[in-house]
Amino acid sequence: MRMAPQDTTIETNSVDAGDDAGASDAAEPTVHDAVPSDASAESVGDVDRVTAARRRLELALGRLEGAVRLRLASEKSQESLEKQIHHLSQDRVRMAEEIDGLNRSVRRLSVANHEASKRIDAAVGSIRSIVDPGKES
């Protein structure tokens, strides 16, 4: 049996013409060996490899589909959060305007309260002076 030089080519187990025919049965099958029993073994091996590759592909596709579903759910969640933020911002603006209006009302009521208090004090003083003219506050 002769070995091919070691380089980037694939080694093949070929039998020299001078070797006996029994030695070729022990050699590994190669592309050049077209023995029907070896061809069916190779096709079974090919089917097994294709089946395994198909399973790996199905698993990878399943993982990809899962990742796409997660991404879509994340985008929907993000859109939902953005809508909530928008609504909360609108509510904040509305409440800030309402607070400003209430603060203006509080200031007006405080001024009115102060004016009413002064008038009541003046009225109480007038009434006291009428009721008890000799006593001054």
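**View 1. The whole protein and its surface.** The accessible surface of the protein comes to about 12,300 Å², and 58% of that belongs to carbon and sulfur atoms (areas by the Shrake-Rupley method with a 1.4 Å probe). This is a predicted model: local features need pLDDT of at least 70, side-chain atom pairs count only at pLDDT 80 or more, and totals for chains, interfaces and linings use all residues. Residues are numbered from 1 along each chain as its sequence is written, and side-chain values use heavy atoms, leaving out hydrogens and water. You will find 2 helices and 0 strands here (DSSP runs of H or I, at least four residues, for helices, and of E, at least two, for strands, numbered from the N terminus). Of the 137 residues, 2% are buried (under 20% relative accessible area; exposed is over 50%, partly exposed in between, with a 1.4 Å probe and protein chains only).

**View 2. D46 meets R49.** Their side chains form a salt bridge at 2.0 Å, N to O (a side-chain nitrogen of Lys or Arg within 4 Å of a carboxyl oxygen of Asp or Glu). Both sit in helix α2 (residues 36-131), 3 residues or about one helical turn apart. D46 is partly exposed at 36%, while R49 is exposed at 53%.

**View 3. E58 pairs with R54.** The closest N and O atoms of this salt bridge are 3.3 Å apart. E58 and R54 are 4 residues apart in helix α2, about one turn. E58 is partly exposed at 43%; R54 is exposed at 55%.

**View 4. D91, R94 and E98 form a salt-bridge network.** Within this group, D91 and R94 meet at 3.9 Å, N to O.
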